[in-house]
Amino acid sequence: MDCALNFKPGQIVSLECGDACLHSEVIQVVEARQVCWVRPLMLVVSVSGKDSPTEYTLSDLRDGADLLWPLSLFRAALDTEVISLLTELHSLDAEKKDGAIASRQLRDFVDRVWEAFPSAFH
C-alpha cells in the first residue's frame, strides 16, 4: 500500500481482522523492509449477535508488547473513528486493569491476523 509509506511516528493506524480492529501508534516505519513498528493502544471487538453495529468491547493494550508488522496490513485511522475511542480508553485509566487479560487478547488477535494474512509475513 503506497499510502502506508507516509505513516509518521505518533500517527494512529488500524488493522482490521474479522470483527476486531487493532488501533496502534506508529513508532517507526522501516521502509527498506516494508514493516511498521507499532505500539498497540486498543482492540475494539464488535459484539456478536447484537442488532446495533455500535456495540463493542474495548480493551486497553497500552501496557502490552509492541509489534513489527508488514506495512501492507495497516491503514491510517480516521479521526472520526478513534477520537471517541481514545476518550473512552482514557476513562478506563481509573478502572483496575488486568494485564494478563489484555496480553491474551492481543496474542489471540495476532494469531487471527497470522491465519488471515499468511502471505503478508513472507
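Covering here is contact, meaning heavy atoms within 4.5 Å. Helices (H or I, at least four residues) and strands (E, at least two) are DSSP runs, numbered from the N terminus.

The model is predicted: local features need pLDDT of at least 70, side-chain atom pairs count only at pLDDT 80 or more, and totals for chains, interfaces and linings use all residues. Residues are numbered from 1 along each chain as its sequence is written, and side-chain values use heavy atoms, with hydrogens and water left out.

**Helix α2.** Select residues 99–116. This helix has 18 residues and spans 26 Å from its first C-alpha to its last, close to the 26 Å expected at 1.5 Å a residue; the expected span is 1.5 Å times one less than the number of residues.

Now colour A102, L106, F109, V110 and V113, the buried residues of α2. They lie on the same side of α2, because they cover an arc of only 105° around the axis. That arc is taken from the directions from the helix axis to the C-beta atoms. An α-helix has 3.6 residues a turn, so residues three or four places apart point the same way. On the other side of α2, pick A100 and E115, which are exposed. Buried means under 20% relative accessible area, exposed over 50%, and partly exposed in between (1.4 Å probe, protein chains only).

**Strand β4.** Go to S59, which lies in this strand. S59 is buried, at 9% relative accessible area. Leaving out residues up to four places away in sequence, S59 touches L41, M42, L43 and Q105.

**Strand β3.** Next select V35, found in β3. V35 is buried too, with a relative accessible area of 11%. Beyond four places in sequence, V35 touches Q28, V29, V30, L68, W69, P70 and L71.

Finish by selecting D19, A20, C21, V44 and S46, which lie nearest the pocket centre among its 13 lining residues. Two or more lining residues come from each of β2 (20–30), β3 (35–46) and α1 (79–91), and β2 gives the largest share, 3 residues.

A pocket is an open set of points on a 1 Å grid over the protein atoms alone, where a 1.4 Å probe fits, with protein on both sides within 12 Å along at least five of seven lines; lining residues have an atom within 4 Å of a point.
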